[in-house]
Structures are given as structure tokens and as C-alpha cells.
Amino acid sequence: MAGRLVYAAFDVVRYTFKAGGSAEMEQQKNSKKVLKITLLVFLAVGLLVSFLPFGTEASWRHIFRFFGLTDFAAAADNAPLSIHVLDVGKADSIFVACEGKYMLVDGGTQDCGEGIAEYLDRRDVKKLDFVFNTHPDADHIGGLGYIIRHYQVGSYFAPDVPQNLIPQGEEYAAVQTALRQTDTAGRSPFCGESMQLGSLKIKVLAPVKTGDSTNNNSIILMLTFGKNRFLLMGDAEKEEERDLMEKWENLSANVLKIGHHGSSTSTSEPFLRAVQPNFAVISVARDTSRLPKRDVLKRLWDANIPVYRTDVSGTLVFMSDGEKITVLTEK
């Protein structure tokens with residue numbers, strides 16, 4: 001924990017100077033000098049912190065505040081509800097905070113675990129009440145082994161995937177090992193199951209039935225807070241979208257987390273008409289897949305739906321008071 005907090009401190013300093021830097025060469029040089037001095041101060045203070053009686057984590061937070069250093073998402077710390085779509089590349093990880101209760105939906109790739117933990121530490125997270133793995137693909141389950149080992153997890157949820165679809169990779173095995181070693185309760189939620197995270201209502205809308213791929217066995221969640229609704233699609237493709245529309249009469253949502261990183265396999269026109277979101281969110285990064293696909297973006301454009309992308313804007317934070325939604329972007 002202490003090591004992650006030191007890295008988090010450096011990350012906060014890096015972000016602060018990146019955000020406040022000028023285009024002028026002289027100012028850049030000055031900023032670099034100040035950055036070096038600040039890092040040296042943190043190293044010195046870090047040694048002192050290790051001897052303080054009230055804990056390393058709490059100590060670092062007081063130090064951050066003393067120096068006036070916060071990351072951009074600190075603005076959401078006092079929001080009744082905040083949903084953080086983390087910038088984890090072409091992968092998924094969504095952190096939800098409501099009234100001092102926390103949950104994580106997916107954990108990105110295996111190399112994302114420590115970075116997600118640093119982000120959670122800055123949010124003062126000590127326990128995750130719920131952890132959902134929407135489906136066991138490496139870009140969704142990869143970092144969860146690290147998270148399960150480093151945080152108390154109240155309940156772990158994953159879909160009941162047919163034996164022939166269970167991945168043979170180390171990411172899936174690492175999570176199963178972490179669950180056993182930490183004695184964390186894990187199970188598959190049933191379609192229609194409801195639960196609470198503070199005042200946030202969570203409803204499991206899918207899988208409605210067993211699909212033919214891991215993507216089409218994605219856990220799909222509807223989060224409701226007051227009048228605001230958030231629909232998290234995992235990597236659900238058109239087949240699971242169709243199951244969803246046949247099963248549920250009302251799929252309207254203010255925010256839609258686009259399925260499968262903006263692939264053409266997902267976000268069909270009938271589905272968009274059923275949801276009618278005010279905002280669309282795509283967790284994605286540039287690679288050979290060239291996501292999000294143009295046809296998906298065109299459907300969103302034609303429907304006049306504003307699109308937020310992690311590859312463009314970094315981590316995205318949606319804050320709600322139950323009436324209004326405010327969007328905060330890292331970049």
C-alpha cells in the first residue's frame with residue numbers, strides 16, 4: 001500500500017505540472033526545476049511519513065492537501081454519485097462511488113491492476129463492496145487478480161460462462177487463485193437481480209440466456225440514482241442487445257457505456273432507439289483494430305448523441321445528484 005501511495009504521489013505531481021504547463025520554453029524549464037524540487041521534497045517527507053503513528057495512507061492525503069496537489073477527479077469526491085470510466089486503453093474498468101460505498105466493474109488488462117489501485121487509493125478506497133467482471137476476456141478480467149489481492153472485496157460477480165468458453169489464459173486463472181487465497185465470495189448473478197450501493201440501485205439485465213461467445217454472455221448492469229440511469233454494456237454484441245430488448249420493456253438511460261469498445265458488432269440502430277441516451281461513452285485506445293468503427297460513430301452522430309472517448313479525453317467522470325449529470329474529463 002505504501003509503495004502505491006508513493007507512486008500515486010509522483011503521478012499527482014506529474015499530472016499537476018502537465019496540466020499547468022505553458023507552451024513557452026522558459027516556463028517549461030522552470031516547471032521542470034520545480035518538479036525536481038517537489039519530488040525531492042516528497043522523497044524526504046516520505047521517509048518521515050513511514051514513522052508517523054497514524055498510518056501512511058492518511059499521512060499522504062494530508063500532505064497532498066498541504067501542497068494543494070490533487071488529481072482532476074478529486075472534484076468528484078464529494079458528489080453523491082460518481083461513475084469513473086478509467087482510461088485503461090482498449091479495455092474496460094469502471095469505478096463507481098456512492099455515499100461512501102464503492103464498486104468496480106472490470107479491471108482492464110493484467111498490467112492495469114496497479115494503476116487502477118493507485119486511482120482507488122486517491123479516492124480513499126479501502127473496501128470494494130462489489131466487484132463485477134462482465135465477462136472473462138483478458139481486457140476485462142486482467143487486472144482484477146491484483147485488485148482482489150489488495151482490497152477487501154464484499155462480493156465478486158461473474159457470468160456463468162459455458163465450460164467451452166472459459167479462457168485458458170493466465171488472467172482468468174490469476175483471478176480464481178486470488179478469490180481462493182483471499183476467501184472472497186464469488187457467484188454468478190441472476191437476470192433481474194437487484195442490489196444496492198448506498199442509494200444507487202443496481203439491476204442485472206443480462207445475460208438473459210446463454211450466448212455463443214464470452215461477449216454475448218456479458219453481465220449488463222442498469223444503475224439508477226434518482227432520475228438518472230446508466231447502462232453498462234460490457235462487450236455485449238447485437239445478439240445480446242436483441243435478447244435485452246426482448247426481455248426488458250424500458251431500457252432508456254441517460255448514459256450508455258458502448259459495448260465492445262465501439263466495434264461494429266454492437267450498438268445497433270434498434271438498440272440505440274430503445275436506449276435513447278443523452279451521452280455515449282467508449283473505452284478504447286488506438287491499435288490495429290481501429291476502434292471505434294465509423295459506422296458506430298455515424299449511428300451515434302445521426303442520433304445526435306454526444307460521444308465521450310477515453311482515447312481522446314482520458315478518464316471520464318460522470319457525477320450525479322439524482323437530477324442532473326455533470327461530466328468531468330481528464331484531458
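Q: How many bridges join β7 to strand β8?
A: In this predicted model, β7 and β8 (residues 200–206) run antiparallel. One of the pairs links glutamine 196 to its bridge partner in β8, lysine 201. The number of bridges that join β7 to β8 is four.

Q: Which strands are the edge strands of the open sheet?
A: Seven strands form this open sheet with mixed pairing, in the order β7-β8-β9-β10-β11-β12-β13. An edge strand pairs on one side only, and this holds for β7 (194–197) and β13 (307–309). The edge strands are therefore β7 and β13.

Q: Does asparagine 216 count as buried or exposed?
A: Asparagine 216 is found in the loop between β8 and β9 (220–225), and its relative accessibility is 4%. Buried means under 20% relative accessible area. Because its value is 4%, asparagine 216 counts as buried.

Q: Which side chain of opposite charge is nearest to aspartate 235, and how far away is it?
A: Aspartate 235 is found in the loop between β10 (228–232) and α8 (238–247), and its side chain makes a polar contact with the side chain of histidine 135 (3.2 Å). A salt bridge would require a side-chain nitrogen of Lys or Arg within 4 Å of a carboxyl oxygen, and aspartate 235, although buried, has no salt bridge. The nearest side chain of opposite charge is that of lysine 257, at 4.9 Å.

Methods
Residues are numbered from 1 along each chain as its sequence is written. This is a predicted model: local features need pLDDT of at least 70, side-chain atom pairs count only at pLDDT 80 or more; totals for chains, interfaces and linings use all residues. Side-chain values use heavy atoms; hydrogens and water are left out. Helices (H or I, at least four residues) and strands (E, at least two) are DSSP runs, numbered from the N terminus. Buried means under 20% relative accessible area, exposed over 50%, partly exposed in between (1.4 Å probe, protein chains only). Lys and Arg count as positive and Asp and Glu as negative; His and the chain ends are not counted. A polar contact is a pair of N or O atoms within 3.5 Å; within protein, one must be able to donate a hydrogen and the other to accept it, and residues adjacent in sequence count only if both atoms are side-chain atoms. Two strands pair if DSSP finds at least two bridges between them.
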